[in-house]
Amino acid sequence: MPTDLAGDLYYNPLLTRAAVTNIQNDKRFTAARAWPRMIVDKPTGLYDKVKTGDLNRDEVEARGQNSPAAIARVGYERGTFSVPTESLAYDLNDVAVKASNVTRNPARIIPRVLGVKGSIRLERMMARKFLGADGQSIPWYRTVTGGASDTVNAYTSAGTRKYFNSSTDLLVAVLEEAGYISRKAGMDPDAMLFARDAWLAFRTNDSIIAALNVAGVPVSRNRPATTAEVAALLELSYVGVSKATYNSAPKGITESNAKIVPDGTALLYVRGSEGDDPGEWNDEMPVAGACQVWRDGANGNPEGIRIRKFRDEKAGSGGSDHSEMDTFRDYGTVNAKMGTFFTGMVGS
């Protein structure tokens, strides 16, 4: 007998775990792996973040025999978060299941469908907040555009510069931007996100391929660079490529698939973690941005989703298994100076 009472936060653990696994393992999407998770205990509120300028100040002083030590001065800033509650339902009708030629397994269908749609939603949220998708403004202090060339320190008050043309060494250009981030924020970037077309242009660029060739070996390299190789060249711990698309056409209408991350873009930023799992963020770890996950709404899982499943006997012919996925997740900038946004990387 179920023990859930009125007001309980009910969820189906098996379907939820399967959906989370699908979200974490689908390499087309970068949102689940690109940003550390900021675990919050309520849907809206404030969070503290250390002023990075205070971390990078030399305050150690000579001390006399009977004098007190100098006091380190570290300030904090306050940011606001608001984690929306969003939902999507899926009905698995009994008659449709029985009438199918091939057996349908609800335990596979439901988390797969909802997991993919959840990933699309998360990718769009991330792209809109950080990468200027859907016409949204980007939060980063530094924007680098293609199509011409100038020096790394040539920028306007808004922090915008042009950085390369077809003859520019891309490896040098990105490493120069890494140095710029380090000067502005005091931290070296450790991650980079690419749009699909920007990644193709980058990994096949002559300057990148040349950097990977072994000196003195007459045989030319016959394959593009991998994410691991580019990460090593750029001294990064993580390189991600968003290959995600979404269909904006209504159900039953010819699909209108579009890329979620804008063409020709990339983001160089401070992620603050190693490997595919970005881990959890706290205010002592300098990062460019974070993913807010509401702990109570997510039932403790790291992706901020849950699936509830129950019977709806009045649905369709003979009833249906009704499943609802709730998401409790958003994205926010922690330090805008820790990210450099590239646009116009293809062509030029």
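The model is predicted, so to speak of local features we need pLDDT of at least 70, and side-chain atom pairs count only at pLDDT 80 or more, while totals for chains, interfaces and linings use all residues. Residues are numbered from 1 along each chain as its sequence is written, and side-chain values use heavy atoms, with hydrogens and water left out.

**Helix α5**

- Helices here are DSSP runs (H or I, at least four residues) and strands are too (E, at least two), both numbered from the N terminus.
- Helix α5 covers residues 106-130, and its 25 residues should span 36 Å at 1.5 Å a residue. The expected span is 1.5 Å times one less than the number of residues.
- The end C-alpha atoms of α5 are 35 Å apart, which agrees with that expectation.
- Now for what is tucked away: "buried" means under 20% relative accessible area, "exposed" means over 50%, and "partly exposed" is in between (1.4 Å probe, protein chains only).
- The buried residues of α5 include Ile110, Leu114, Gly118, Leu122 and Phe130.
- An α-helix has 3.6 residues a turn, so residues three or four places apart point the same way.
- Just after α5 comes glycine 132, with a positive phi of about 70 degrees.

**Aromatic rings**

- Rings of Phe, Tyr and Trp (its six-membered ring) make a pair if their centres lie within 6.5 Å; planes under 30 degrees apart are called stacked, over 60 edge-to-face, and the rest tilted.
- Searching the whole structure turns up 9 aromatic pairs.
- One of them joins phenylalanine 130 and tyrosine 331 edge-to-face, at 6.1 Å centre to centre with 75 degrees between the planes.
- Phenylalanine 130 belongs to helix α5 and tyrosine 331 to strand β14 (residues 320-333), so this pair ties together parts that are 201 residues apart in sequence.
- Phenylalanine 130 is buried at a relative accessible area of 0%, and tyrosine 331 is buried too, at 3%.
- Phenylalanine 194 and phenylalanine 202 make a tilted pair, 5.1 Å centre to centre and 50 degrees between the planes. Both of these residues are buried.
- Trp35, Phe130, Trp140, Tyr269 and Tyr331 together form one aromatic cluster.

**Charges over rings**

- A charge sits over a ring if NZ of Lys or CZ of Arg is within 6 Å of the ring centre and within 35 degrees of the ring normal.
- Arginine 124 lies over the face of tyrosine 246, at 4.2 Å from the ring centre.
- Lysine 337 puts its charged end over the ring of tyrosine 141, 5.9 Å from the centre.

**Salt bridges**

- Side chains of opposite charge can pair when their charged atoms come close.
- For a salt bridge, a side-chain nitrogen of Lys or Arg must be within 4 Å of a carboxyl oxygen of Asp or Glu. The whole structure has 23 of these salt bridges.
- Arginine 28 bridges to aspartate 26, with the closest N and O atoms 2.5 Å apart. Arginine 28 is partly exposed at 40%, whereas aspartate 26 is buried at 15%.
- Aspartate 276 and lysine 27 meet in a salt bridge at 3.3 Å, N to O.
- Aspartate 276 is in the loop between β11 (266-269) and β12 (289-294), and lysine 27 is in the loop between α1 (13-25) and α2 (31-34), so this pair ties together parts that are 249 residues apart in sequence.
- Aspartate 321 and arginine 311 form another salt bridge, their closest N and O atoms being 3.0 Å apart.
- Aspartate 321 lies in strand β14 and arginine 311 in strand β13 (residues 305-312), so the two tie together parts that are 10 residues apart in sequence.
- Aspartate 321 is buried at 16%, but arginine 311 is partly exposed at 37%.
- Salt bridges with shared partners join Asp94, Lys309, Arg311, Glu313 and Asp321 into one network.

**Loop residues with positive phi**

- Aspartate 134 has a phi near 60 degrees, a positive value in a residue other than glycine. Aspartate 134 is in the loop between α5 and β5 (142-145), and is partly exposed at 40%.
- Glutamate 235 also has a positive phi near 60 degrees. Glutamate 235 is in the loop between α9 (227-233) and β8 (238-242), and is exposed at 66%.
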